[in-house]
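These are my notes from going through a model on screen. I wrote down what I looked up, entry by entry.

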Amino acid sequence: MLIQLSRILSQDGKREQFEIPVEMECFSCRLGEFPVVQKSPIQLTVINTGRRVLKISGDAKLVISIPCARCLEPVDTEFDLSFEREIDMKLSEEERREELDECSYISGTELDAEQLLCNELLINWPIRVLCREDCKGICSRCGANLNIQDCGCDTTELDPRMAAIRDIFSEFNKK
Ligand SMILES: [Zn+2]
Ligand SMILES: [Zn+2]
């Protein structure tokens, strides 16, 4: 959803509050596609602090389904986001992008709340999601989920330390 900022920009000290419903059903990013299981509206406050500088603060709560790093079972992962930004509207879009090092969520005098949310999700994305601390992962031979069944493959593969080592490798390969 796009928020028009021109009215706020027209007057120093002006402050507006927004409650913005989250549209996305699925969060797509360079890491993949993740279903949004639960969402509540984004609460956003925009303040014109003067000299065309805006202070944007807000919070949002979402639950996103992320596969376990070991067994790939979906794990409901809670995001309790809280953010605060200062945007200098005197800068060009290009300059802002360089400064913030993220996708631009302001175009002209419009703020794209959904894009802002996506940026925040990426910043807060967990390094690794596990369905449980001692998840046994999947059997590297037959692909069985070892939390559910003992597939009976060669037991040297079932050493829980191996799961940890596999994690390190799969993390390593992502880079
Ligand atoms: Zn797992
Ligand atoms: Zn197996």
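I began with Gln43, which stands opposite Asp59 in β6. I took strands (E, at least two residues) and helices (H or I, at least four) as DSSP runs, numbered from the N terminus. The model is predicted: local features need pLDDT of at least 70, side-chain atom pairs count only at pLDDT 80 or more, and totals for chains, interfaces and linings use all residues. Residues are numbered from 1 along each chain as its sequence is written, chains are lettered from A and ligands numbered from 1 in the order in which they are written, and side-chain values use heavy atoms, with hydrogens and water left out.

I then checked how β5 and β6 pair (pairing needs at least two DSSP bridges between two strands). Seven bridges join them, and the strands run antiparallel. Their hairpin has two residues between the strands, and there Arg51 takes a positive phi near 50°. Arg51 is not a glycine. I noted Arg51 as exposed because its relative accessibility is 66%. The cut-offs I used are under 20% relative accessible area for buried, over 50% for exposed and partly exposed in between, with a 1.4 Å probe and protein chains only.

On to β7: 15 bridges join it to β6, again in the antiparallel sense. Among the pairs I looked up, Leu54 has Ile87 as its bridge partner in β7, and Ser57 has Glu84. The hairpin of β6 and β7 has six residues between the strands, with Leu72 at a positive phi near 70°. Leu72 is not a glycine either, and at 55% relative accessibility I count it as exposed.

β4 also pairs with β6, antiparallel, over three bridges. Here Gln38 stands opposite Val63.

Which residues have the most contacts inside the largest nonpolar core? I found Leu5, Leu44, Ile64 and Leu111, in a core of 41 residues. Such a core is a set of buried Ala, Val, Leu, Ile, Met, Phe, Trp, Tyr and Cys residues joined through side-chain atoms within 4.5 Å. Elements giving two or more residues to this core include α1 (6-9), β2 (15-20), β7 and α3. β6 gives the most, with six residues.

I listed the neighbours of Leu44, leaving out residues up to four places away in sequence; among those touched are Phe18, Ile56, Phe83, Leu111 and Leu116. Contact here means heavy atoms within 4.5 Å.

α3 is mostly covered, with eight of its eleven residues buried. The buried ones include Leu116, Leu117, Cys118 and Leu121. Among the elements covering them are β2, β5, β6 and β9 (110-112). At the start of α3, a side-chain oxygen of Asp112 reaches to within 3.1 Å of the backbone nitrogen of Glu114.

**Zinc ion (ligand 1)**

What are the protein donors of this ion? They are the SG atoms of Cys68, Cys71, Cys131 and Cys135, lying 2.2 to 2.3 Å from the zinc ion (ligand 1). Donors are N, O and S atoms within 2.8 Å of the metal (3.2 Å for Na, K and Ca); water is not among the atoms, so sites may look incomplete. The spacing along the chain is C-x2-C-x59-C-x3-C. Cys68 lies in the loop between β6 (53-67) and β7 (74-88) and Cys135 in the loop between α3 and α4, so the pair ties together parts 67 residues apart in sequence. Both Cys68 and Cys135 are buried.

**Zinc ion (ligand 2)**

The zinc ion (ligand 2) is coordinated at 2.2 to 2.3 Å by the SG atoms of Cys139, Cys142, Cys151 and Cys153. The donor residues are spaced C-x2-C-x8-C-x1-C. Cys139 is buried at 4% relative accessibility, whereas Cys142 is partly exposed at 46%.

Last, I looked up Ala144, in the loop between α3 (113-123) and α4 (160-174). Ala144 counts as buried because its relative accessible area is 11%. Leaving aside neighbours within four places in sequence, its contacts include Cys139 and Cys151. The C-alpha atoms of Ala144 and Cys71 are separated by 8.9 Å, at 73 residues apart along the chain.

Definitions and conventions:
A polar contact is a pair of N or O atoms within 3.5 Å; within protein, one must be able to donate a hydrogen and the other to accept it, and residues adjacent in sequence count only if both atoms are side-chain atoms.
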